[in-house]
Amino acid sequence: MTRLPAQRKKLFFFLSLFVLLFWLVTVQVRHGRFTFMEKPVLAVAGLFERVITWPFKTTVSVGKQYVFFVGAQRENRQLRDENDRLLLENAVMNEILLENERLRDALEFKRLHPPASIMTQVIGKESSPASSTITINKGSRDGISAGMAVISAEGVVGRIQTVLPGTAKIMLLIDPGSTLAVRVQRNREDGLLEGKLRHCALKYVSYYADIQEGDLLVTSGLDGVFPKGLAVGTVVKVTKHEANAFQTVVAKPAVTLSRLEEALVLTQ
Amino acid sequence: MRPRVYFIVLLLLIPLQASLFNPLSLAGIKPDLGLALLFIIGLIAGPAEGALAGIAMGLLQDIGSASVIGLTGITRGLVGLSAGLLGRRVLDFRSPSNSIFLAVFSLLEGVFIAVFMQVFYGSVPFFGLLAGRILPQAFYTGLLGFAILQLMSRRNFIAALQRRTPHKEL
């Protein structure tokens, strides 16, 4: 057998490597993304992340504290005045709350318990033309597990994808792998919202459904992950084609995901 | 370059890109540090080492960003290979033409991934993505690469690296 020259061997090695990668991608397109390597890689990267960002965050924090200290005395006086006013308001509100509870009991209404949640900070953002995820500073040690809903004050952020002891990765609403059961607030029309990287798209909406630009989309609660009624986004474009049984509905997320700093993980 | 240098660069890449580059973000667009470093590695070390570094870097980024594993591996491998082939002809590392090539590689990579997503994962807004993310990121990455190459050239870092790293051909 003749020996292949070294250059050809190298060429063959690289070609095989690329073929292997193509095969890997094809398998995932058919059967879904591989996730088995995520945890060890994210554990090591998370450790480095904390070490690298610690001095930077500490410096920024000290700087901010100094700036805030300058106006602190004046602000303190204002806050004291506001506190007195709020104490008075609080007493009135307590009365209203007690009255409300009495009325609820009287009407035998089921009491609404706000879902248990954990406040987290965003420590990393990853965005490519293939995915959109963020990393938060809390993980399984704090009671977070995969699949949990993540929200902010403005609305739905996404859901937990991978959990490590001290950090977790969130698949954002706009990630192509994200799907969410939503409802049009105005007319209660149900739909499935899919991530499209820069925005979201409402899938399987009948041609005859009444969807208009500016309609607010809220969670329907049908997926069993998100509580009902949370703001998800606003319809920005509706396109109808006569040849198609469904209409194309484009929605903009309610949360400005690129500027997200804190997120609330719903643990129940 | 030695394997341990690659190992450290790869491990630092994800946290640097995800956290420390956030302040550099303009309208949500960050320069791609990984691509800029890979381009420089390819120029210095040649196509073989560039392709290997690219594949390793891409795979790690795929895993770190919950993407389809292997997709960025392929694109980065090709970028490393192309940068290595380009390195044979580069005489001046401070030339602005290097940053134009880097921006073109970034653009081609973005377009490849966007087309892939469009074909296999439905209606990703291709032109919106091209105008709103891929093109600005390519431009920004080209600028970053230019800045890194200027810094490295001034300190004679590139010359030292070239002495230590033989340009390996395919």
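Predicted model: local features only at pLDDT ≥ 70, side-chain atom pairs only at ≥ 80, totals over all residues.
Residues are numbered from 1 along each chain as its sequence is written, while chains are lettered from A and ligands numbered from 1 in the order in which they are written.

Helix α2 (residues 33-45) of chain B packs against helix α5 (residues 96-121) of chain B at about 125 degrees, with the axes 10 Å apart; helices here are DSSP runs of H or I with at least four residues, and strands are E runs of at least two. The pair α2(B) and α5(B) is therefore oblique. Leu35(B), Ala36(B) and Phe39(B) of α2(B) meet Leu102(B), Phe105(B), Ser106(B) and Glu109(B) of α5(B), contact meaning C-beta atoms, placed from the backbone, within 7 Å.

Now follow α5(B) itself. Its buried residues include Leu102(B), Phe105(B), Ser106(B) and Glu109(B), where buried means 20 or more other C-beta atoms within 10 Å of a residue's own, with C-beta atoms placed from the backbone. Among what covers the buried residues of α5(B) are β1 of chain A and α2 of chain B.

That brings us to the meeting of the chains. Chain A gives 44 residues to the contact and chain B 41. On the side of chain A that touches chain B, α1(A) gives the most, with 12 residues.

Note on methods: Axes fitted to C-alpha atoms, helices over the stretch in contact; angles between N-to-C directions. Parallel < 35°, antiparallel > 145°, perpendicular 65-115°, else oblique. Contact = placed C-beta atoms within 7 Å. Buried ≥ 20, exposed ≤ 12 C-beta atoms within 10 Å, placed from the backbone.
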